[in-house]
Amino acid sequence: MKKWRTLFLKEIKDSMTVFSLLFALVAGFEIYAILNAGQLSGMVLSIFPLFIVIAVMPLIMFYLYPQEWKSDARYLLMSLPIPRYEIGVCKFLAVMSAGSVLLLICIVGIYWNSSHFPGWDSFNMNVEITQDLTVDKELGLSNLFHSNFSATGIFLLFSTLYFSLGFVIAIQSVNLIVRRFTFFLTILSGISGSYIYFKFGAIFSSLLSQSKIDYFSLSAGNHSLLQQYVFSWSLYTFLMGFVFLGAGLFLTEKYLEI
Amino acid sequence: MAIEIENLWKEYFGSIALNGISLKIEPGKVLGVLGENGAGKSTLFRILAGVTRPTRGRVTINGIPIGKSTRSFVSYLPDVDPFDTWMSVREMFQFLAVFYPKWDMPKAEKLLDFMKVDANKKIKILSKGQKVRLKLVCAIAQRGDVILMDEPLGGIDPISRRKVMEVLFEEFRVGKQTILIATHLVEDVEAFLDEVVYLREGDIALSGSTAQLKEEHGKSLLDLYEEVLQ
């Protein structure tokens, strides 16, 4: 466990500057949004950082994962008496943890703003929020707890982050182990991965939506068909993230060498 | 620990780095691996360190095939700076201590003092020579049963080289460590070598004990180096 912790902390410290900048950016947006709660600008500004997090974290992973394997530091890393997949897992966990913290900040910001935005009951950016309009509009924590972020929406955000990082690790692993036609094969693996994801996603989603599963949700309201659909896609995305992550780590463990 | 190499091949896209070499190294010996650039020295060390896979052949240390388990008792000093430069020297020691159960922190600190490297300095601000010395300290403090040193003296000034080697071998060597040294600086290590292997284009051109080779050929290892490799 100590080895895992040491590797994890090393990865966090390694990217501390980028994580800190992102944290400042996202927190800045959300604080500004909270100060403008009740206005449309506040609501929009509270949602905007979500897109930054979802877009930027895979890019960080894209840079971070091969960075050490391609530098001279790989000599030290690869000669450590541990399986190489553990190093990959720690890199994944470091970025996933940072991304999760940032997502939570966004969710709190959106949660707060939605509870202060008159007439707000949902917004259609895959994050479903329900609003009890009878709640008084005074500032305070009580308002925060009257609004409900649906579990489906939160699950979608985290599964998207999880999937994107796993996907990046898979294609970067191809990039690292292939010595010839590297660029071509990396692009090809990315296209193939995307094809597999969407091809099976439609089947999985329709199968799950037709079933009689009582969907898990923290929100007290009724579950719409859309919510069921989003949930099934989120679950599928999470599972595929696991598959891609596993494939990437397997390739790293089995074939990576200097 | 004994190292056994049987019919070891390494190919990179048709280019042969190691051409089916076989070698047996007895425990506690100091072996010099000498050869020109591209002779296969670094490839051999990388395979022994478990960071490169052989194309064919069998390599064992004390009967154990190279892999995760052998990496725990092999100290590997590559010919590049393998450090994360944002760490301080002390942070690097603490990092390595987690992974190597026999890591000797007092010895590392003592050796660092001798090498005149400040433990609180960030690695990125160390000079090239200091980084080389730090690599040596890390390799020794791991107390591996096998130590692989790939060009350990490159970047150290000529006056200090002999002194550094003396201290490493006479004061800090533990028990029967098997040590392999790949270098071009034959004169600086000659006195410490029990056995020598001359590699040429992935093949073993000549090998034997240092005393035997000197006696048979009537030449120093450096003169033999020039003769064999030409």
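Colleague: Is B:Arg133 buried or exposed?

Modeller: B:Arg133 counts as buried, because its relative accessibility is 15%. Buried means under 20% relative accessible area, exposed means over 50%, and partly exposed is in between, with a 1.4 Å probe and protein chains only. This is a predicted model, where local features need pLDDT of at least 70 and side-chain atom pairs count only at pLDDT 80 or more, while totals for chains, interfaces and linings use all residues. Residues are numbered from 1 along each chain as its sequence is written, chains are lettered from A and ligands numbered from 1 in the order in which they are written, and side-chain values use heavy atoms, leaving out hydrogens and water.

Colleague: Which side chain does B:Arg133 meet in a salt bridge?

Modeller: That of B:Asp157, at 3.6 Å from N to O. A salt bridge here is a side-chain nitrogen of Lys or Arg within 4 Å of a carboxyl oxygen of Asp or Glu.

Colleague: What does B:Asp104 pair with?

Modeller: B:Asp104 forms a salt bridge with B:Arg143, at 4.0 Å from N to O. B:Asp104 sits in the loop between α3 (89–99) and α4 (105–114) of chain B, and B:Arg143 in the loop between α5 (128–141) and β7 (146–150), so parts 39 residues apart in sequence are tied together. B:Asp104 is buried at 17% relative accessibility, whereas B:Arg143 is partly exposed at 30%.

Colleague: On to chain A. How far apart are the closest N and O atoms of A:Lys91 and A:Glu68?

Modeller: They are 2.6 Å apart, in a salt bridge. A:Lys91 is in helix α5 (residues 84–116) of chain A and A:Glu68 in helix α3 (residues 40–70), 23 residues apart. Both residues are buried.

Colleague: Which residues are linked with them in a network of salt bridges?

Modeller: A:Lys10, A:Glu11 and B:Asp84 are linked with A:Glu68 and A:Lys91 in that network.

Colleague: How many salt bridges are there over all chains?

Modeller: The count comes to 15.

Terms used
Helix = DSSP H or I, 4+ residues; strand = E, 2+ residues; numbered from the N terminus.
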